[in-house]
Amino acid sequence: MRNPQLNAKGELRHLLTIEGLPREILLQILDTAKSFLGVTEREVKKVPLLRGKSVFNLFFEPSTRTRTTFEIAAKRLSADVVNLAISTSSQTKGETLLDTVDNLSAMHADMFVVRHASSGAPFLIAGHVKPHVHVVNAGDGRHAHPTQGLLDAYTIRHYKQDFTRLSVAIVGDILHSRVARSLIHALTTLGTPDVRVIGPQTLLPTGVERLGVSVHHDMAAGLRDVDVIVMLRLQNERMRGPLLPSAGEFFKAYGLTPEKLALAKPDAIVMHPGPMNRGVEIDSSVADGAQAVILPQVTFGIAVRMAVMSILAGASA
Amino acid sequence: MRNPQLNAKGELRHLLTIEGLPREILLQILDTAKSFLGVTEREVKKVPLLRGKSVFNLFFEPSTRTRTTFEIAAKRLSADVVNLAISTSSQTKGETLLDTVDNLSAMHADMFVVRHASSGAPFLIAGHVKPHVHVVNAGDGRHAHPTQGLLDAYTIRHYKQDFTRLSVAIVGDILHSRVARSLIHALTTLGTPDVRVIGPQTLLPTGVERLGVSVHHDMAAGLRDVDVIVMLRLQNERMRGPLLPSAGEFFKAYGLTPEKLALAKPDAIVMHPGPMNRGVEIDSSVADGAQAVILPQVTFGIAVRMAVMSILAGASA
Amino acid sequence: MRNPQLNAKGELRHLLTIEGLPREILLQILDTAKSFLGVTEREVKKVPLLRGKSVFNLFFEPSTRTRTTFEIAAKRLSADVVNLAISTSSQTKGETLLDTVDNLSAMHADMFVVRHASSGAPFLIAGHVKPHVHVVNAGDGRHAHPTQGLLDAYTIRHYKQDFTRLSVAIVGDILHSRVARSLIHALTTLGTPDVRVIGPQTLLPTGVERLGVSVHHDMAAGLRDVDVIVMLRLQNERMRGPLLPSAGEFFKAYGLTPEKLALAKPDAIVMHPGPMNRGVEIDSSVADGAQAVILPQVTFGIAVRMAVMSILAGASA
């Protein structure tokens, strides 16, 4: 069975998950993103690659931050962008997801950027749209957030070059994190030999080892000599939930402090997908410290999204 | 008294209602829309007709779907579009409707697309703005939704060519439907000899016959040998209201099933303004069937709105 | 200590408050605005000065009206505009204001237009962003609303030319009004010899005289022979609060009626920042009368905002 993200020529026509994508595609995205970094730093930050194309930001779950990055990326490619927050709209009128998509497709949409609380919704949409329409998953449930995984990979490559010599630790609530899942797939596909997940038993998915990672419950062991530390955001609802004693105790065990950071390699970088809970998963002195590359992640994220959109727009059905 | 929608030369300067518009104006819109259909299918879907013009989507009643169609149409004409959802804004600050409009006009608006829960609000605005400002009614109360009526007419002409030989049935909640009212005016103006409305007594306006339609309470009689069936959306609040026994009973009597569809001509087309309530006013097999032209309606709707906007922008005061 | 709004060359790089700005800067803005007035009246209302620049409307407090004026001004300068209503977004996720700003800066924002309920928030942001990023205060708490003060000054200059011969009365709720504060600073900087504030004791800040204005509690005395009357909006919450007996009594004492207007010079102009409460602070016959210049204020406001944005964009760090 063909990967539904690729066309007959093996080109990327939807970006739904990093899982199962060939290494070459990932590298193509990272290389293309690099060429766009210059664009975002120019006086006139626009290229005409998507001129006249209509990109719909289809957000069934609110996320101003992610929506904004896609909106900016699309506008810098000269596309027309329409933002749709759907929770307050047709869905409440009882229209089905696919009717909504059909309807927007009939307005000659060229690309859907989809955020949805249900895992798999972007796949459902990609399987339904006409051949010339492209779908980008901007986060679906606990499943995947591929552009975040790619921008994380971009950041790691930018600072550490060669994936095949790296130790990477991902810390915190792995269980509910589509960011972690997408990054793990990116790293293993790109040949990272040592990927570790660190967190309390209650926040680790059972069988996570099968993804090709090692499991740690202890920061001291998990962070030892790593090149890259990726801290995950602890959702507010978890802090009050039954999976954790309290935000304070979580910080004591898994929050990244200067002391814990010192366990990693001296030139280790610290990443975070944002928004950060300072004092919960990360100490402010680390977040603002010399090893943090959290803001460059955001900058790379625009370039990565421009890359994905322009590659998809160039792929035939 | 002159039609307030026309200027001294008889050109369209506002589109408020189809009622009373000359046949030539309707045909001009349909013909212009046809020329824009090609644009929406091109690689670069833009024409510079409204470049530098400011179009304000003034939605006093939320409607993501309709707002989106106007936004896309305006952007494809290269206009600058500003979306204003007014319920949460000035109106709650106690500002009057006309003060809001004056204020936006003073920002050099060129066109207002107005949606309002009160019938007549777009007329009030059109009667108030400066000569160079154009107003499009995007749905006012139960009164009119002229661009929907026009896109319905466009769809019928596209599939059936000659209005003067057609039987058209409009089914469901006629009483509360501005869509039905606008379509009836379009069809009678364009010379359709046989327009039927079908629905329960409680959902038909008294005296609807005066609009030039025949009234049916029974689907079997009403659908017999028609060329076109237009199903209306049943608003959720009606289903729970005193005018109807239940959604299930409504479907039994007036829902369009394959059996009922078989009463129409074999090549009859099925239309619906969307969003559909599958299983309430229309069976899924009909909605997705070969006779349904519901998605083409949406596509034609963009072209019709581009046509209306470009014709208005070209009309002098 | 250098004014944080100016760069080393004395050029404007942020617009945070009118207080402390040199007269030459104010005149530069007013002169530049004049050159843009023509643009907003052209067929194609666009100039390419900010093409490829990203302007973020960062509204931590909702204000459709003000946000719209900045959005239109930026679009007429050909900028890419991203609207962010933050109350419902990251802030509720516990992210700090500066993390939000850092994050958006990392997307290569060129300009932030900031509205915030807390006085000083735009200063905090301006002190934090990278040198090439510009900040415009679009209203912070009770503190300042400099573009409103500038458009008021523009309006006065348009109708009365020479500030150094004028008497200006500002009427109503001075205490809570950032509009009043900004206008007072503009007028005194521009050399207006006679600025009066008129209102009940409870709605005047203690020590307001130190701003260079005279204080009146009585309209008859305060309005006598003035050239300009600026009515302030009475916020709804004040009308029901302990500072005022009732909206009706306020109107009796301080509402601008034709009789009270007759106390001013015969050619006095009447201004209001909008939205108006007709029958509370201003009588409808005055609001719609020959001396009102309330709608021209709005038109000038677009030109003034275009001027501010283009001047900032041209200033180096």
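Begin by selecting helix 5 (residues 146-160) and helix 12 (residues 294-314) of chain B, which pack at an angle of about 120° with their axes 8 Å apart; helices (H or I, at least four residues) and strands (E, at least two) are DSSP runs numbered from the N terminus, and axes are lines fitted to C-alpha atoms, for helices over the stretch in contact, with angles running from 0 to 180 degrees between N-to-C directions. This is a predicted model, in which local features need pLDDT of at least 70 and side-chain atom pairs count only at pLDDT 80 or more, while totals for chains, interfaces and linings use all residues. Residues are numbered from 1 along each chain as its sequence is written, and chains are lettered from A and ligands numbered from 1 in the order in which they are written.

Helix 5 and helix 12 of chain B are therefore oblique to each other, given that angles under 35 degrees count as roughly parallel, over 145 as roughly antiparallel, 65 to 115 as roughly perpendicular and the rest as oblique. To see the contact itself, show the side chains of helix 5 of chain B, including B:Leu150, B:Tyr154 and B:His158, and those of helix 12 of chain B, including B:Phe300, B:Val304 and B:Val308; two residues are in contact if their C-beta atoms, placed from the backbone, lie within 7 Å. The residues of this helix contact divide into 7 nonpolar, 5 polar and 2 charged, where Ala, Val, Leu, Ile, Met, Phe, Trp, Tyr, Cys and Pro count as nonpolar, Asp, Glu, Lys and Arg as charged, and the others, Gly among them, as polar.

Now select strand 1 (residues 54-59) of chain C, where 6 of the 6 residues are buried, so the strand is largely enclosed by the rest of the structure; a residue is buried if 20 or more other C-beta atoms lie within 10 Å of its own, exposed if 12 or fewer, and partly exposed in between, with C-beta atoms placed from the backbone. From this strand C:Ser54, C:Phe56 and C:Leu58 point one way, and C:Val55, C:Asn57 and C:Phe59 the other way. Strand 1 pairs with strand 2 of chain C over 6 bridges, and C:Ser54 has C:Asp80 as its bridge partner in strand 2. Strand 1 also pairs with strand 3 (residues 111-116) of chain C over 5 bridges, with C:Phe59 standing opposite C:Arg115.

Finish at helix 3 of chain C, where 7 of the 9 residues are buried, so the helix is largely enclosed by the rest of the structure. Among the buried residues are C:Val101, C:Asp102 and C:Leu104, and the buried residues of helix 3 pack against helix 2 and helix 12 (294-314) of chain A together with strand 1 and helix 4 (121-126) of chain C.

Definitions and conventions: Two strands pair if DSSP finds at least two bridges between them.
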